[in-house]
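Here are my notes on this one, jotted down as I went through the model.

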Amino acid sequence: DCKDAPHASRLVLENLTGARAEALLNIAQVTCIVVLLGISSFLFQRDANRLVIRPLAKMARLVQNLSHNPLEKLEQAEGGELETDFVERALQKFGQMLQIAFGEAGSEIIGKSLGADGDLNPMMAGRKMTAVFGFSIVRNFADCTECLQEDVMVFVNTIAAIVHRAVKDTGGAPNKNIGEAFLMAWRITEPPPTPALQQSHSFGSDREDSEGDPASQRDGREPTVADRALQSFVRACLEVQAAEDLRKLTEHPKMQERLPGYRTTMGFGLHVGWAIEGAIGSMLKIDASYLSPNVNLAARLESATEQFEVDILMSEKFADMLSPQVRALCRAVDRVTVKGSSEPMLIYTYDVPHSMATSMFELEPLAGIDFWDQFRPSTTPLYREDYGQAVQLYLEGNWAEALPIIEGCLVQWPEDGPALVLKTVMEKNSCQPPPDWKGFRELTNK
C-alpha cells in the first residue's frame, strides 16, 4: 500500500469545472434540439392545417351539406393560387350549377329523394303538396327560332330571366324550362278555401271602395299567394314589352319580314290544386317536377289565351283565392271545360295594360304607390261590369239579350278578344243556345 510506504506522495486530479461545463453544454444542446423540433413541428402542423387539412375538411363539409340539403347556401371561396383553392372553388361552382339546374323547387325535391347516406334514390314515392301552378309560353316561337337561328338562345334566356325574376320576387319558384315554355309554382302551406268559404262568383268587376284603391294592403292584410302569383305574371308581361334587348332581337329583318310589326308576346295560365312532387327519371337522367292534372290544366289555360287573345287566363279556383280588392280588377270571360277535364269552370283574365315603356327602368315601382294602382287593368270598372252582365246572360242561355251588350262592349273596345269570341259563338248558332246548353262549352284546342 502506497500510503504505508516511506516518502510516498499522492496526486489528485479534479475535473469538476470541465464536467459541469460539458453537462451544461449537453443540456443546452438538448434544449436547442427540443426547441427546434417543437418549432419545426408547430410550423409543419400549421402549414398542414392551413394548406391541407382545413381545406379538405371544408370541402368534405361542403359536399356533405349539399348531399343533405341541395339548397345549402354556399360561401364564396377566398382567393388563392394553391391546388386546394382551385379544387374548393371548383366544388363550389359545381354546387351552384346544380342549384341553378334544379332550381329552388327542384333542389328541394331532389333533397327529399336523397337517402340518409346522401345517395340519390329515384325509386321513392313522391309527396303530395298544394300549390299555385303557373305555365307560360312564348308565342310564335317556331318562327323566332327559324329567323334568329343561334340568337334564339339569347332571346329565350332573356325572357326566362324576366319571368323567373318576377316569380322569385313574389315567393314563387321556377321549376322547369321546356324550350319556350316555363313552369312555376307557389307552394301553399294552408289548404285553399273550401267551396263553402269561397267568394260568391262575380262575372264583372266587384264593387271597389270609395277611393277606388284595390290594394289588398289597404286594410292591413297581406296579399294572398294568388295575388302574388298574378302580380308576377302581370309584371312579366310588362317587362317583356319594355325589354330593350328583346326589342332589338325582334327587329331582326327576317323576323319583321315573316311577322311584320312583331313584338315579343307571351301567354300565361294560372291554376291551383294538388300535385305529386318528386324526382322523375333514372340514375342516367333525372328531373325534379310535379305530376298532376292541375299542372296540365294550367298549361291548357295558357294555350287558351291565344284563342281569347288575352295575356293571362286564370281558373275559377285560382280566382277564389284572390283578395276581393284584386279580384275586382279581373273579369270572368267564359265558362268552359278544357281537354282532359269534364268539370266546367269559369275562367278569368286580367287586362294587362299596354305599356309605353321603352326600358325596364321605367317600370320600377313608384314609392308609396301600390302595384295594382300603378298597373291597373286597361279596362274600366264600368266596362268590366257591362261585360260581366253579358257573360251572365250568355251562361243563362239568354243569348238574344247578351249579344247587344257584347256588341256595345266591342264599340268601346273593338279588339277585345273575349268579347269577339263570345260574339262569334253566339252568332254561329244564330243567337240561340244549343238544346243541350248547360251554361258552359267545351274548349276543343289543347
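1. Let's start with Gln 241. Setting aside neighbours within four places in sequence, Gln 241 is in contact (heavy atoms within 4.5 Å) with Arg 247, Arg 263, Pro 353, His 354 and Ser 355. His 354 sits 113 residues away from Gln 241 in sequence, yet the two are 8.3 Å apart in space, C-alpha to C-alpha. Gln 241 belongs to helix H5, helices here being DSSP runs of H or I, at least four residues, numbered from the N terminus. Gln 241 has a relative accessible area of 16%, so it counts as buried (under 20%, with a 1.4 Å probe and protein chains only).

2. A word on ground rules. This is a predicted model, with local features needing pLDDT of at least 70 and side-chain atom pairs counting only at pLDDT 80 or more, while totals for chains, interfaces and linings use all residues. Residues are numbered from 1 along each chain as its sequence is written, and side-chain values use heavy atoms, leaving out hydrogens and water.

3. Met 314 deserves a look of its own. Beyond neighbours within four places in sequence, its contacts include Leu 230, Leu 270, Cys 330 and the run Leu 346, Ile 347, Tyr 348, Thr 349 and Tyr 350.

4. How do H4 and H5 pack? Helix H4 (residues 152–169) and H5 meet at an angle of about 150°, their axes 9 Å apart; axes are lines fitted to C-alpha atoms over the stretch in contact, and angles run from 0 to 180 degrees between N-to-C directions. That makes H4 roughly antiparallel to H5, a label for angles over 145 degrees. Among the residues making the contact are Ile 162 and Arg 165 of H4, and Phe 233 and Glu 239 of H5.

5. Finally, is Asp 416 buried or exposed? Asp 416 is buried, with a relative accessible area of 0%. It lies in the loop between helix H13 (399–412) and helix H14 (417–428). Leaving out neighbours within four places in sequence, Asp 416 is in contact with Arg 331, Tyr 383, Tyr 387 and Leu 410.

Conventions:
Helices (H or I, at least four residues) and strands (E, at least two) are DSSP runs, numbered from the N terminus. Angles under 35 degrees count as roughly parallel, over 145 as roughly antiparallel, 65 to 115 as roughly perpendicular and the rest as oblique. Buried means under 20% relative accessible area, exposed over 50%, partly exposed in between (1.4 Å probe, protein chains only).
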